[in-house]
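Subject: Structure handover

Hello,

Here is the structure for you to look through. My notes on it follow below.

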Amino acid sequence: MTATRHLTGRFPLALAPAAAFPLFTARGEEHWVPGWQPKFPVSTVDDSEPGTVFETTVDGECTTWIVLDREPDRRICYARVTPGSRAGTVTVEIEPSGSGCTVTVTYRLTPLSPAGERALADFAAEYPEFLRSWETMIKALG
């Protein structure tokens with residue numbers, strides 16, 4: 001199998017960091033990611049609190065997420081595991097920039113199987129377009 005993939009990209013938003021940060025929490029992504037429905041096995045008030053666990057199902061794959069770290073309005077880091085496929089971390093960093101901010105999204109994923117390796121190769125090939133879609137969907141919020 002191939003090594004861990006390290007994928008990073010950036011995009012601008014015309015939002016202050018304090019307004020952008022909540023969009024990258026489990027519940028915040030529900031506002032702009034079609035079909036994103038996080039399920040929390042334990043009720044939580046603050047879905048960005050380190051240690052928070054949630055699950056998502058996208059394209060028939062269940063992924064477990066754990067908030068590893070956060071710096072409110074600046075950074076949030078998740079561990080994510082799609083059993084039998086791939087595992088790693090996702091970090092979203094938000095930097096002030098002019099009248100808005102720049103968002104940097106980094107995925108570090110390791111394949112867990114040949115199928116996971118194929119899925120990860122496809123994801124890596126589409127990563128720039130994937131991040132462009134994030135920018136487009138967030139900007140569509142108005």
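Two strands pair if DSSP finds at least two bridges between them. Strands (E, at least two residues) and helices (H or I, at least four) are DSSP runs, numbered from the N terminus.

This is a predicted model: local features need pLDDT of at least 70, side-chain atom pairs count only at pLDDT 80 or more, and totals for chains, interfaces and linings use all residues. Residues are numbered from 1 along each chain as its sequence is written, and side-chain values use heavy atoms, leaving out hydrogens and water.

Start with β4. Seven bridges pair β3 with β4 in the antiparallel sense. Asp69 stands opposite Cys77 in β4. Three residues lie between the strands of this hairpin, where Asp73 has a positive phi near 70 degrees.

On to β5. β4 and β5 run antiparallel, joined by eight bridges. Here Ala79 stands opposite Thr89 in β5. The hairpin of β4 and β5 also has three residues between its strands, and Gly84 takes a positive phi near 75 degrees.

Best wishes
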